[in-house]
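Reader: I would like to learn how to read the central features of a model such as this one, going from sheet to core to single residues. Could we take them in turn, with the general idea placed before the particular case?

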Amino acid sequence: MFTTFFFELRQAGVPVSLKEYLMLMEAMKRGLAAYRVEDFYYLSRSCLVKDERNLDRFDRVFGRVFKGLAGSPEAGEEIPVVDLPEEWLRKLAERVLTEEEKAQVAAMGGWKALMETLARRLAEQKGRHQGGSKWIGTAGTSPFGAYGYNPEGVRIGQAESRHRRAVKVWDQREFRNLDDTVELGTRNIKVALRRLRRFARQGAASELDLPGTIRATAQNAGWLDLKMVPERHNAVKVLLFLDIGGSMDDHVRLCEELFSAVRSEFKHLEHYYFHNCVYEAVWRDNRRRHAERISTLDVLHTYPADYKLVFVGDAAMSPYEIVYAGGSVEHWNEEPGQVWLQRLLDVYSRAVWLNPVPDSRWGYTESTRILQRLMDGRMYPLTLDGLDRATRELMR
């Protein structure tokens, strides 16, 4: 099994050497991981992973190779009820409604009414509640809680999105960085991006200038005279903002393909992540997004106006996140998202928004229509035709 684990890691692109594998075997021989899967996980990760960019791939291979080992009971052993994971019990309590029943569930009536009602319920409620339409609980139609349904509510205590209806999420969520080593299924994305190329020679002279060498040698009566020039690079500068998490989980593969292509095509590329809408801070690493946030004002002051600004996101969110202070789904923002978006557009006049959702569905989402107006119509579908039109706009 350990040999299979080693080869699976290498096949997944994690650069594991034989020396590191033998070090893990020596650590196992000395009993450092004992008999707990969790101990073995941390031991093997510390021995085999040298770069944090490979952590996600390591986790996926570990889960596939050692699936089912954790919590496997001995023959005849009865599993106590208290050991059942809490998320299993929550799943059993999920509220499943028909479309007719959903239509009968009313919203609170706006952002202010929702927040005021939540404050009152937090003050009044004394214990756990399941079902029902008022208190903060599970499997109900209340605007507050988890695993139920409400057309406009605050999600509390739920790991993932189900109906995409939450106005705010009262839990800390973890997002995964986009993988920039994904092999594209087609070269067409790269070809579409090449319209943004504008070559220039800068830096040290490190490349042979063959025409110049021939001319100089001929002028030197046949005596070889080597001429060097700086390497030719794409001089276009791109500032990439990537929406991550939530409804964007449905588009991870497409965004990773785009991210891989952009990383290979542009030398001057800076990328940042945001969730739903840009606010006062963005981040580079999703694993550290709560600890290492970068001020959006610092981004504006760091990169000059000759950068091309590209947003990638599905523009699907509560309209409150764009137009209201405090409307962010995850934190209390002092200024509305549209204010920060406009500040970016004021500095970077060449800007586009790439949307992975087909443009035939944009009209059904109010937030998408708002962002289209703010972008002055410069929102394009993340298709080959959309990329072609977006690059034409950026180079106009």
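**Reading a sheet and its core**

Author: Let us begin with one pair of residues in this predicted model: leucine 239 has leucine 309, in E11, as its bridge partner. Strands of a sheet pair through backbone hydrogen bonds, in either a parallel or an antiparallel manner. Here E7 and E11 pair in the parallel sense, over five bridges.

Reader: Over how many bridges do E11 and E12 pair, and in which sense?

Author: E11 and E12 are joined over four bridges, in the parallel sense. Within E12, tryptophan 353 stands opposite phenylalanine 311, and leucine 354 is the bridge partner of valine 312.

Reader: What is the order of the strands in the open sheet?

Author: The open sheet has five strands, with parallel pairing, in the order E8-E7-E11-E12-E13. E8 and strand E13 (379-381) are the edge strands, each with a single partner, so one side of each has no neighbour in the sheet. On average, neighbouring strands of this sheet are turned by 25° against each other, direction ignored.

Reader: How should I read the side chains of E11, and which of them point one way and which the other?

Author: In a regular strand, side chains alternate between the two faces of the sheet. In E11, Lys308, Val310 and Val312 point one way, Leu309 and Phe311 point the other way, and all are buried. Since five of the five residues of E11 are buried, this strand is largely enclosed by the rest of the structure.

Reader: Which helix packs on the sheet, touching E7, E11 and E12?

Author: That helix is H13, whose direction makes about 150° with that of E11. The buried residues of H13 are Gly337, Trp340, Leu341, Leu344 and Leu345. Seen down the axis of H13, these buried residues fall within an arc of 140°, and they therefore line one face of the helix. They pack against E7, H11, E11, helix H12 (320-323), E12 and H14.

Reader: If I take leucine 341 as an example from this helix, what does it touch beyond the residues up to four places away in sequence?

Author: Leucine 341, whose place is in helix H13, touches Phe311, Trp353, Leu371 and Leu374 when those residues are not counted. Its relative accessibility is 2%, and because buried means under 20%, leucine 341 counts as buried.

Reader: How is the largest nonpolar core put together, and which residues have the most contacts inside it?

Author: In soluble globular proteins, nonpolar side chains tend to be buried together. The largest nonpolar core of this model has 29 residues, and those with the most contacts inside it are Leu239, Phe241, Leu309, Phe311 and Trp353. At least two residues of this core are supplied by each of strand E7 (237-243), strand E8 (268-274), helix H11 (296-302), strand E11 (308-312), helix H13 (337-347), strand E12 (351-355) and helix H14 (366-374). The largest share, three residues, comes from H13. Apart from this core lies another, of 23 residues, which includes Leu240, Ile244, Leu258 and Leu269.

Reader: With which residues is leucine 239 in contact, leaving aside its neighbours within four places in sequence?

Author: Leucine 239 is in contact with Glu270, Tyr272, Val299, Tyr303, Tyr307, Lys308, Leu309, Val310 and Tyr348.

Reader: Turning to the backbone, where is alanine 315 placed, and what is its phi?

Author: Most residues other than glycine have a negative phi. Alanine 315, which is not a glycine, has a positive phi of about 60°, and its place is in the loop between E11 and H12. At 0% relative accessibility, alanine 315 counts as buried. Asparagine 276 also has a positive phi, near 70°, and is found in the loop between E8 and strand E9 (281-282). With a relative accessible area of 7%, asparagine 276 is buried.

Reader: How many helices and strands has the chain, and what percentage of its 396 residues do buried residues make up?

Author: The chain has 15 helices and 13 strands, and buried residues make up 44% of its 396 residues. Among contacts between residues at least 6 apart in sequence, 65% join residues at least 24 apart.

Note on methods
Residues are numbered from 1 along each chain as its sequence is written. This is a predicted model: local features need pLDDT of at least 70, side-chain atom pairs count only at pLDDT 80 or more; totals for chains, interfaces and linings use all residues. Side-chain values use heavy atoms; hydrogens and water are left out. A nonpolar core is a set of buried Ala, Val, Leu, Ile, Met, Phe, Trp, Tyr and Cys residues joined through side-chain atoms within 4.5 Å. Buried means under 20% relative accessible area, exposed over 50%, partly exposed in between (1.4 Å probe, protein chains only). Contact means heavy atoms within 4.5 Å. Two strands pair if DSSP finds at least two bridges between them. Axes are lines fitted to C-alpha atoms, for helices over the stretch in contact, and angles run from 0 to 180 degrees between N-to-C directions. The arc is that of the directions from the helix axis to the C-beta atoms.
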